[in-house]
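Okay, thanks everyone for coming.

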Amino acid sequence: MRTSRPRLATEDVEIGGRLIRAGEGAIAVLFLANRDRAAFDRPDEFDRYRAAQQHVAFGFRVHQCIGTPAAARATAW
């Protein structure tokens, strides 16, 4: 299982207050997704009732997982 995705910036971009210049590399570490302390209370704890709307678990827009509705029904209590 791949846990990171190396990327190459095609233009200057600021992410998390850091400037990544065009041509520089960056690595997105997938297992750190949804663990942003600025976005989530207690990001290191599993909370199935968390009312988070900006997580990346199922993607979004054109990258939305087609299984999202089924997963929501399966986990609804």
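Let me start with a question: does Val-29 count as buried, partly exposed or exposed? Keep in mind that this is a predicted model. Val-29 sits in strand S4, residues 25-29, and its relative accessibility is 32%, so it counts as partly exposed.

Okay, zooming out. The chain has 4 strands and 1 helix, and from the N terminus the order is β-β-β-β-α. Of the 77 residues, 8% are buried. The accessible surface is about 7,100 Å², and carbon and sulfur atoms own 56% of that. As for contacts with a separation of 6 or more, 18% of them link residues 24 or more positions apart.

Now the charged side chains. We get 4 salt bridges in the chain, and I'll show you some of them. Arg-42 pairs with Glu-45, with N and O 3.1 Å apart at the closest. Arg-42 is partly exposed at 45%, and Glu-45 is partly exposed at 45% too. Then there's a network: shared partners tie Arg-35, Arg-37 and Asp-44 together. Asp-44 meets Arg-35 at 2.5 Å, N to O, and Arg-37 at 3.0 Å. How exposed are they? Asp-44 is partly exposed, at 47%, and so is Arg-35, at 37%. Arg-37 has 61% relative accessibility, and since the cut-off for exposed is over 50%, Arg-37 counts as exposed.

That's my tour, so over to you.

Key:
Residues numbered from 1 in each chain as written. Predicted model: local features only at pLDDT ≥ 70, side-chain atom pairs only at ≥ 80, totals over all residues. Heavy atoms only, no water. Helix = DSSP H or I, 4+ residues; strand = E, 2+ residues; numbered from the N terminus. Buried < 20%, exposed > 50% of the residue type's maximum accessible area, 1.4 Å probe, protein only. Contact = heavy atoms within 4.5 Å. Areas by Shrake-Rupley, 256 points an atom, 1.4 Å probe, with all protein chains shown as cover.
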